[in-house]
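The entries below follow the order in which I looked things up.

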Amino acid sequence: MSMQRTEGEGRQPQHSHPARTHSHDHYHVSHHHRGGPIAEWDHRTYWHTHEHNHNTLTHSHDYSQDDEEQEHSKEAHVHDHAEPTQSPA
């Protein structure tokens with residue numbers, strides 16, 4: 001795994017979250033082209049629940065760390081559905 005750091009800090013200082021595996025309803029977002037050479041994109045959202053992992057994450061942000069934890073399940077997640085607890089999501 002590569003070393004993570006932030007170039008700048010938001011209102012919350014740089015901090016790290018340990019790797020973990022857990023379950024909650026989580027969202028996925030895909031982009032769908034409306035058609036034509038200069039058409040815009042639509043966001044399409046779907047959600048489901050299953051056990052999945054999060055690798056160690058070091059970052060900063062402008063919202064509170066309490067909000068980050070409480071609203072985690074509202075975030076879009078990326079992982080391999082063939083092995084959602086083994087993916088580098």
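**Entry: arginine 20 and glutamate 69.** I began with arginine 20, which forms a salt bridge with glutamate 69, the closest N and O atoms lying 3.3 Å apart. Arginine 20 belongs to strand β2 and glutamate 69 to helix α1 (residues 65-70), so this pair ties together parts that are 49 residues apart in sequence. I take a salt bridge to be a side-chain nitrogen of Lys or Arg within 4 Å of a carboxyl oxygen of Asp or Glu. Helices (H or I, at least four residues) and strands (E, at least two) are DSSP runs, numbered from the N terminus. Arginine 20 has a relative accessible area of 33% and is partly exposed; glutamate 69, at 43%, also counts as partly exposed. For these classes, buried means under 20% relative accessible area, exposed over 50%, and partly exposed in between (1.4 Å probe, protein chains only).

**Entry: basis of the values.** I note that the model is predicted: local features need pLDDT of at least 70 and side-chain atom pairs count only at pLDDT 80 or more, whereas totals for chains, interfaces and linings use all residues. Residues are numbered from 1 along each chain as its sequence is written, and side-chain values use heavy atoms, with hydrogens and water left out.

**Entry: the other salt bridges.** How many salt bridges does a search of the whole structure find? I find 3. Glutamate 7 pairs with arginine 5 in a salt bridge whose closest N and O atoms are 2.4 Å apart, and both residues are exposed. Arginine 34 forms a salt bridge with aspartate 42, with 2.8 Å between the closest N and O atoms. Here arginine 34 is exposed at 54% relative accessible area, whereas aspartate 42 is partly exposed at 28%.

**Entry: aromatic rings.** My search of the whole structure for aromatic pairs returned 1. The rings of tyrosine 27 and tryptophan 47 have centres 5.6 Å apart and planes at 55°, so I record the pair as tilted. The criterion is that rings of Phe, Tyr and Trp (its six-membered ring) pair if their centres lie within 6.5 Å; planes under 30 degrees apart are stacked, over 60 edge-to-face, and the rest tilted. Tyrosine 27 sits in strand β2 (residues 20-33) and tryptophan 47 in strand β3 (residues 41-54), so the pair links parts 20 residues apart in sequence. Tyrosine 27 is partly exposed, at 28% relative accessible area, while tryptophan 47 is exposed, at 51%.

**Entry: histidine 24.** Is histidine 24 buried or exposed? I list it as buried, with a relative accessible area of 12%; histidine 24 is found in strand β2. Its side chain makes polar contacts with the side chains of histidine 52, at 3.3 Å, and histidine 72, at 3.1 Å. A polar contact is a pair of N or O atoms within 3.5 Å; within protein, one must be able to donate a hydrogen and the other to accept it, and residues adjacent in sequence count only if both atoms are side-chain atoms. Leaving aside neighbours within four places in sequence, I list contacts (heavy atoms within 4.5 Å) of histidine 24 with His48, Thr49, His50, His52, His54, His72, Ser73 and His77.

**Entry: glycine 10.** Glycine 10 is partly exposed, at 29% relative accessibility. Not counting residues up to four places away in sequence, glycine 10 touches Ser60, His61 and Asp62.
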